[in-house]
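Biologist: I would like to learn how to read a structure like this one. Could we go through it feature by feature?

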Amino acid sequence: MIDGAVITLSRTQFALTALYHFLFVPLTLGLSMILVIMESVYVMTGREIWKSMTRFWGVLFGINFAMGVATGITMEFQFGTNWAYYSHYVGDIFGAPLALEGLMAFFLEATFVGLFFFGWERLSKVAHLAVTAMVALGSSLSALWILIANAWMQYPVGAQFNPQTMRMELVSFTQVLLNPVAQAKFVHTVAAGYVVGSVFVLAVSAWYLLRGRNVDIARRSMAVAASFGLACALSVVVLGDESGYVAGENQRMKIAAIEAEWHTEPPPASFTVFGFPDVQTHRTHAAIRVPWLLGLIATRSIDQPVPGIVELVARARERIVSGIEAYAALRTLQQDPDDGNARARFAAHEADLGHALLLLRFVEDPTQATPRQIEQAAWSTVPNVPVLFWCFRVMVGLGVFFILLFATAFYLASRHRFFENRWFLRIAFLSLPLPWIAAELGWIVAEYGRQPWAIDGVLPTFLAASPVPASSVWLSLAGFVVFYSALAAVDVYLLVRTIRRGPDGFGFWPITSAPAGAAH
Amino acid sequence: MPDYETLRLIWWLLLGTLLIGFAIMDGFDLGVGATFRFLGRTDEERRALLESVEPVWEGNQVWLILGGGAVFAAWPLLYAASFSGLYLAMFALLAALILRPVGFTWRNQLADPRWRSVWDVALMLGGAVPALLCGVAFGNLFLGLPFHFDELRRPVFTGGFFGLLHPFALLAGVVSLAMLVMHGTAYASLKVGEPMSQRAAALGRWAAVVFAIAFVAAGAWVAGIPGHHIVSGADPLGPSNPLHKHVGLVPGGWLLHYHVHPLLWLAPLGALAGAALCFVALRARRPGSAFLASCLAVAATILTAGVALFPFFLPSSTQPDHGLTVWDASSSARVLLIMLVAVVILLPVVLAYTAWVFSVLRGKITLESIRRHAGY
């Protein structure tokens, strides 16, 4: 049947390569925008220092961009290599946004990025700024298409199962494009990327100021990062993608798990700031609760309930029972596609077919499932509550910290008082790794919280994997760990080296006529 | 609105177009990557060769990314079966492709010759391995891959990595590698100054000869192996279900279309003519004409293989009835139409700005220009 080892290995590989890829993507998103801002100031004011800033941060952008591209190809390939059944089952819907990402976004980004580096002497000021803007636009558009695809996994709208092709097929492309979850995710993720870029610029600039090096460039860079970062950090938190969680049933399960809300509370539900969720007893120990807050965040109302885990499991149980009907009817239809009875029965229950597939983990034939197996399958819809609970809280805590950090930087920048506040510069420098932690935790909440589904309510993850030998996946996974670790080490080494060398070392600022050799 | 059969045919053509786009655009930078360490003997010479492709290779590679995305969107069954079936080969390809962006960006960050040698080797692997593997994969299509579908329609493979290294597939790999070396050296000869241009032209002539010989040998070999053809049960207008048809095997069957429509012989003749013209133009030191000729050879080679396999994408060697064809592996008609509209609107835009970028970067990269370089 289904080889458990292959599923675990494929999930591990996908999670690791996706988290790794997302170390580089948000910095690309954020730095490309910051480059546009800096170069715009250069074009508008004509002051050479802003060009030097663009070029220096551009070198760091380039080192990081290469890693983003390199690790991105892996993501596109892996759906086919490791998730073949997924690719067949939902490729009719999921493939289009990925192809459009290539056509509309990645082409733009990748075609113009070369000119960013090689076009300084060949293009006019305005034309070069346009090139930089195309790179930034391409990376943000790229995020849009990927998040449309990802949102469909969380909330699969506009599609229907076709018994003849045995897969989901597109019914409404407009619904897929205008998926409310996609909109919430896009704003949240892109703004988070801008925060990563801003903290990066802020932290590196703080390091220069602490050492009294590259002061002119660092002060200006810090001002850009502070204002851009403040706006983006506010967007990330206020427009957090929790707002999208009310849309689908699994999304509701995700929010119940994040909040460790075991039972439905009378609305508006309270928000648990702190506590220890206990999976065995369905209680949260030592909980500190803020009345009303969860109801307001999740439903944007005071009269709608936020359903609890136990109630959602009961709902899943009903859907599994209904799904068994659909599964049985589908079996009949495979033998005789013209059986009118089976067609009617399938049509009545097809929305729950995915829930019947959950049973395949416990029984060979879902139509023979015992009540105990149905109960098991219903409880399998609950993701890992303590992990989601804590990841979410750390992420939100970091988000609030970034707002304070940027607000302080903004205040100091507007008063020209960075030098008197070495404590602030130290905090700013030490904050460097934090936005990456927040971004990775965000993906863990979103995707680990989607389990047990690959596609919410449609296709369980354990069924989606490719039936390849476990030994092959061991080999590819081990290869990734070794290869990616080596690349990460070189990447960090080059970034650190470039930062140490600084705009002065490159001859960008103060401008020297003969820049030192190696850095062509 | 075009009917399902027409849409499927259009998407077969579009996939061919994307593949040719990939081979022509990314092909030349793969070819330069595979050979630059031989063509350039000093670090300056190598930097000039790399710089001839460095600003554009990234955009070129999107043709491959887009090709992958288009297979996913338009031919999901093909995407699922081929990527999982060629599992380890795919990861070898991936590893080679990952070396390229980091190699290009990182090589010149440090002046240490050992550091640069390491990334030179990485870039060579990044150029040669994909060129070779793409050919090996194409060769395996003619042999068929050992797979069938289970009751849930999951592709099940019964072969391993080394099964892919059949002598015929390796020969196809040689065709592909020689073709892209010819293409890349023609480009380098056009784009860089002396003495690299001269060396590129010399190597390109050799590559053209190897390509032509391997291409003819592969063609003769194909005439002897069994070709798949649909006996009954295919429905070009019906839903995509690869389990309903019956497939027969005929010795030399892959050449059937050529016997029925003799005009199609123009495709393989075009490939050979392209190689011959490229050879002649390189000898006459006309690199621009040589590059156009190698473009012809590349496009005609892919066309030759595509025509031979039609309507098959991925024949099955163990369960021929389950082989994937144009008629039973596509997305729904709705998705094919939406994606067609997107391609018709967006691809010309892509071509327009790509052309602009190339025009900004026109001109030869000489050793003088490398020495003048101000850095990033």
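Modeller: Start with how two helices pass each other. In this predicted model, α6(A) passes α15(A) in a left-handed crossing. Helix α6 covers residues 180-211 of chain A and helix α15 covers residues 422-430; their axes come within 8 Å and cross at roughly 140°.

Biologist: Which residues of α6(A) and α15(A) meet?

Modeller: From α6(A) they are A:Leu202, A:Ala203, A:Ala206, A:Trp207, A:Leu209 and A:Leu210, and from α15(A) they are A:Arg422, A:Leu425, A:Arg426, A:Ala428 and A:Phe429. Sorted by class, this contact has nine nonpolar, no polar and two charged residues.

Biologist: How do I read the spacing of such residues along a helix?

Modeller: An α-helix has 3.6 residues a turn, so residues three or four places apart point the same way. A:Ile34, A:Ile37 and A:Met38 in α1(A) meet A:Val224, A:Ala225 and A:Phe228 in α7(A). The residues of this contact are six nonpolar, no polar and no charged.

Biologist: What is the handedness of the crossing of α1(A) and α7(A), and at what angle do their axes cross?

Modeller: The crossing is right-handed. The axes of α1(A) and α7(A) come within 11 Å and cross at roughly 125°, and α1(A) and α7(A) are therefore oblique to each other.

Biologist: Are α1(B) and α3(B) roughly parallel or roughly antiparallel?

Modeller: Their axes come within 8 Å and cross at roughly 155°. An angle over 145 degrees counts as roughly antiparallel, so that is the term for α1(B) and α3(B). The crossing is left-handed. Among the residues making the contact are B:Trp11, B:Leu15 and B:Phe22 of α1(B), and B:Trp57, B:Trp63 and B:Leu64 of α3(B). The contact of α1(B) with α3(B) divides into 13 nonpolar, four polar and two charged residues.

Biologist: Now the contact between the chains. How many residues does each chain give?

Modeller: Chain A gives 68 residues and chain B gives 63 residues. On the side of chain B that touches chain A, α3, α4, α5, β2 and α12 of chain B each supply at least two residues. By class that side has 43 nonpolar, 14 polar and six charged residues.

Biologist: Is α4(B) mostly covered or mostly exposed?

Modeller: Mostly covered: 10 of its 10 residues are buried. They include B:Pro76, B:Tyr79, B:Ser82 and B:Gly85.

Biologist: Is B:Ile225 buried or partly exposed?

Modeller: Count the C-beta atoms around the residue. Being buried takes 20 or more within 10 Å; B:Ile225 has 15 such neighbours, so B:Ile225 counts as partly exposed. B:Ile225 is found in the loop between α8 and β3 of chain B. Leaving aside neighbours within four places in sequence, B:Ile225 is in contact with B:Phe142 and B:Leu143. B:Ile225 and B:Gly253 are 28 residues apart in sequence, and their C-alpha atoms are 7.7 Å apart in space.

Definitions and conventions: Residues numbered from 1 in each chain as written. Chains lettered and ligands numbered in written order. Predicted model: local features only at pLDDT ≥ 70, side-chain atom pairs only at ≥ 80, totals over all residues. Contact = placed C-beta atoms within 7 Å. Helix = DSSP H or I, 4+ residues; strand = E, 2+ residues; numbered from the N terminus. Nonpolar A, V, L, I, M, F, W, Y, C, P; charged D, E, K, R; others polar. Axes fitted to C-alpha atoms, helices over the stretch in contact; angles between N-to-C directions. Parallel < 35°, antiparallel > 145°, perpendicular 65-115°, else oblique. Left-handed = near helix turned anticlockwise from the far one by under 90°. Buried ≥ 20, exposed ≤ 12 C-beta atoms within 10 Å, placed from the backbone.
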